[in-house]
Amino acid sequence: MTMTLDTRGGRPPTLSDVARLAGVSQSTASRVVNGSARRVDAEYRERVLDAARRLGYAPNIAAQAVARGASHRIALITGGIADAYFSAMTASIMSAAEKIDLRVSLAVSSRRTERELELVRELRGEHPRAIILAGTGYTDARSDPAVEAELLRYQETGGRVVLISRTDMPFETVYFDNFEGARRLAVEMVARGYRSPLLLGSDLPLRSMQERIEGFTAGFAEAGIAIPPSRVLRPAFHWDGARELVTSLDDSVLASTDLVFAVTDDLALGALNGLRGRGIEMPGRIGVAGFDDITTLRDVVPSLTSVHVPVDEVAAEAIHRATAAPAELRRRVIPTHPVVRASTPPR
């Protein structure tokens, strides 16, 4: 029976420990245990292997794969997968990765910074080729500095970090133009005769959602129409939240409204349902518009006006940045554009 020698106070053995016990250089020990093609003298080879056995040392295969650029796995951390937008983004990322023979593992942070930190720490130990974080950052700088620090450590060991739709950390970023897409939609709505919109934002301080509110407000301002803060409501950030808010609105609010703009299609569909529950025919006096242009809109009646986000292009760019040779850090902003449909008929 081989005895394991442990003089390290309980810490895991390192390659340096192996080299020291074998009486060879660390580079020689590395060539032996990592299977280098370079030849090592038989005596030295046996001394290294014996030292590794005695110490209980095992090379980190995953870390070696990262160092050689050979890992076939990318880790995706997303804010959630319950709504159609995140589901579509996840599917597009997996499809783009599969085209270059990579696999994607999925983790959900539920937009909680403490959960995000926990996931990043776990992934650092698993050594994927890249970590992609998809989801918006917060307007009040709630991103945990510890998350950034963990990602920087991971990047220093050869991993790649890519952010989608967030700008709160200094890594490669793929962003789509929330402000301009919402502004262009507002200009279209003004041209169709809408003058008194009600805006549904988010109860969470999410940066991209606030950019959509600001862009839509700017589009109306160009026509000389100011949208007061009282016309910007913030329901719970899901379908039920929008429906419940619209259902609870005072009649006088709806009487003064000719358009509801929601910062996501999910909220827009909840609002649409709430308006129907109030006995308002759709399409009718009040138009409804959203943002994201999720694929499931093809089944909605009336068809929903929305701002199109080119999810496949965003995913392909993220995978490219996760796998291409390192380059100077830069941010890619992908354009969005409004798609006008039956839910916003001309006034």
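I checked I294 first: its relative accessibility is 11%, so it counts as buried (under 20% relative accessible area, with exposed meaning over 50% and partly exposed in between; 1.4 Å probe, protein chains only). I then placed I294 in the loop between β9 (287-289) and β10 (306-308); helices (H or I, at least four residues) and strands (E, at least two) are DSSP runs, numbered from the N terminus.

I listed the contacts of I294 (heavy atoms within 4.5 Å). Leaving aside residues up to four places away in sequence, I294 touches A84, Y85 and D265. I also looked up P310, which lies 16 residues from I294 in sequence and 9.9 Å from I294 in space, C-alpha to C-alpha.

I noted the basis of these entries: the model is predicted, local features need pLDDT of at least 70, side-chain atom pairs count only at pLDDT 80 or more, and totals for chains, interfaces and linings use all residues. Residues are numbered from 1 along each chain as its sequence is written, and side-chain values use heavy atoms, with hydrogens and water left out.

I looked up the confidence next. The mean pLDDT (the predictor's confidence in each residue, from 0 to 100) of the protein is 87, and 88% of its residues reach 70 or more. Residues 1-8 have pLDDT below 50, and this stretch has 11 contacts in the model beyond near neighbours in sequence. Where pLDDT is low, the predicted coordinates should not be read in detail.

Of its 347 residues, 48% count as buried.
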